[in-house]
Every structure is written in C-alpha cells, then in structure tokens.
Amino acid sequence: MKGMTFMVIDPVAFSIGPVQVHWYGIIMATAAMLGLWLATMEAKRQGLDPDILLDMMIWVLPSAIVGARLYYVLFEWEYYAMHPGDIIAVWKGGLAIHGGLIGAFTAGYIFVRKHGLSFLQMADIVAPSIILGQAIGRWGNFINQEAHGGEVSRAFLESLHLPRWLIEQMNIYGVYYHPTFLYESVWNLAGFLLLIGLRKIRIRQGEIFFSYLIWYSLGRFFIEGLRTDSLAFSGPAFLEQLLAVLWSPMHLLFEPGMLTGGNIRIAQLVSLIGVLSGLGLIIWRRMSKAVPKQADESKKA
C-alpha cells in the first residue's frame, strides 16, 4: 500500500453508446430496491399482501425523486434560472432528502387512504427501509465529492482510521474536507438497527415512524452544521441564535462549516421541526386514551 497512488473515483460507472450510467444513480437504485425488499418482508410478517408495497412504490419512488429535485431547485433557483437545462440533471447530484421525504409521504398518504389502509402501520413498515436507504444513498454524494464539510487536515482524516481510498476521495483540488456523508451514513445505519430493534418490543403503531423522525432529524441537525453547501435563507436573528445555541455542543469537537447565501440552514430548521414533531406525537399517542394499544390496532389492520 505504501507508495500506491489512488485516482479520484469517476462518477460515471460505465457508458452504453452515448448514454452514461452514473454511480450516483446505481447507488440510489440499489438503496431503493433493498429498502423495498425489506419492507415487503415486514409486510408479509404482519400478514399484509406484499404486492400492496410494490403498488405503492410505483407512486412513491417517482414522487420522492421529483420532490427531492424540486426542493433543491427551488432553494437554488438563482443558479437554475440561469441554467434551466440542468434542472433535470439529477445524475449530477442535487437531490434534497427533505424534499424527497415530503414527496414520498404525500404520495404514500394518498395511496393508503385510497386503499383503506392504516397510514401509521405502513409508515412503521417502511421507516427502517427509508433510513437504510439514506445510509446507502449518502455514498452517492461521496462519489460526486459533494455534501462534505469544511476543510480539515489529512492527519485528521487519518486519525479517524479511514481507508486511504476514502481519504483521497475527500481531497478536492488539493484540499481535504470533512466526510460528512460518512458521518450521516453511519448515524443512519445505527438508526436502522434501532428501528429494527423497536419491532421486538410492544409499542404503539406509528412510534417506529416517529422514532425515525427523531433519530434522523437529530443526527442531520448536528451534521448539517459542519457542511459548506447547505441550502439556506435569510431569517430572523432570534432563529439564527436559537439554532446556534442548540448546535453549540459541537464546538467541543469541530468548527461549523462556512455558510453562504443566508443565515439559516434550511435542513437544520426542518430537522428541529422533525425532532419536536416526533417527540410531540409520541407523547400525544401515549397520553391519549382514545388511541388503542398496538395489539388492538394490529387486529384492525
């Protein structure tokens, strides 16, 4: 290994004539297929027809991609207004996860309501698949050398005991950067294991999904503060200060990433809302006498 040179990974996996197949698309497709397989296995375990998951995914996956792209384009409109041809160039990156979640859950809610299914039951089934897909999908950002944090030294990356090929991929034009994609991928993988574990204990329907909201949003809030490419807007000073105070424990380890184009990181704000919403919904479900126990809900499903 000593003296071995490493090339930056080509984002194009292979070409078929004039058509280029990008690693980003391959990774995202792999994440989606694995997530769908896991969800169908859980649907079978709960006595549901797994074909309903396949039918739902036909609507949910395109909605997620469209939502993720529109969300990103909306907050980067200054660029895309000047380069309209790039709006559909999803293979170059630029899919906002929060937009994808909005699109997916909107389509999913409409689908399950139309078919007379329980939205919370379906959300619990797919939540582990979603966070596992997010863990895998972040490696598409790695290939594209995007979604990284601020500048760091090579010695810092080596102190994390990362393989050399990963360290070299974080070298962008001679500068090394925080592998925030990796931090989030590991966090999401831990979240996947947590959600799978929650299936083994007696909780109310919806609480696996709510736990997903809390876990993913908590990690995204703190990791987002390290990034240098955050979507942002200009907001009130009190909100900026609130987010800064909440993120302040990270100062013990890292400096925040540089922020341009505003003072509020959109993903941090949405993540904060996600944490509070998840906690609030769990508390409401636990306190509401009108909400049946999980065993009762399973009988209805």
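Predicted model: local features only at pLDDT ≥ 70, side-chain atom pairs only at ≥ 80, totals over all residues.
Reader: Nice. What volume does the second largest pocket have?

Author: The volume comes out at about 310 Å³. The pocket is lined by 14 residues, and those closest to its centre are His98, Ile102, Leu213, Val270 and Gly274.

Reader: And which helices each supply at least two residues of the lining?

Author: Those are α4 (97-114), α9 (207-224) and α11 (266-287).

Reader: Thanks! Switching topic: where does UniProt place the feature "binding site"?

Author: The UniProt record, an unreviewed entry, puts that feature at Arg138. Arg138 belongs to helix α5, which covers residues 119-143.

Reader: Is Arg138 buried or exposed?

Author: Arg138 counts as buried because its relative accessible area is 7%, and the cut-off for buried is under 20%.

Reader: What is Arg138 in contact with, leaving aside neighbours within four places in sequence?

Author: Its contacts are Ile97, Ala147, Phe181, Glu184, Ser185, Arg220 and Arg227.

Reader: Great. One more thing, the strands: in what sense do β1 and β2 pair?

Author: Strand β1 (residues 12-16) and strand β2 (residues 19-22) are antiparallel, with four bridges between them. Within that pairing, Phe14 sits opposite Val21 in β2.

Reader: How many residues lie between β1 and β2 in the hairpin?

Author: Two residues separate the strands, and Gly17 in the turn has a positive phi of about 65 degrees.

Terms used: Residues numbered from 1 in each chain as written. Heavy atoms only, no water. 1 Å grid on protein atoms, 1.4 Å probe; cavity = no way out; pocket = protein on both sides within 12 Å on 5 of 7 lines; lining within 4 Å. Points joined across faces, edges and corners; volume = space filled by probe spheres on them. UniProt positions renumbered as here; feature names shortened; annotations may be inferred. Buried < 20%, exposed > 50% of the residue type's maximum accessible area, 1.4 Å probe, protein only. Contact = heavy atoms within 4.5 Å. Pairing = 2+ DSSP bridges.
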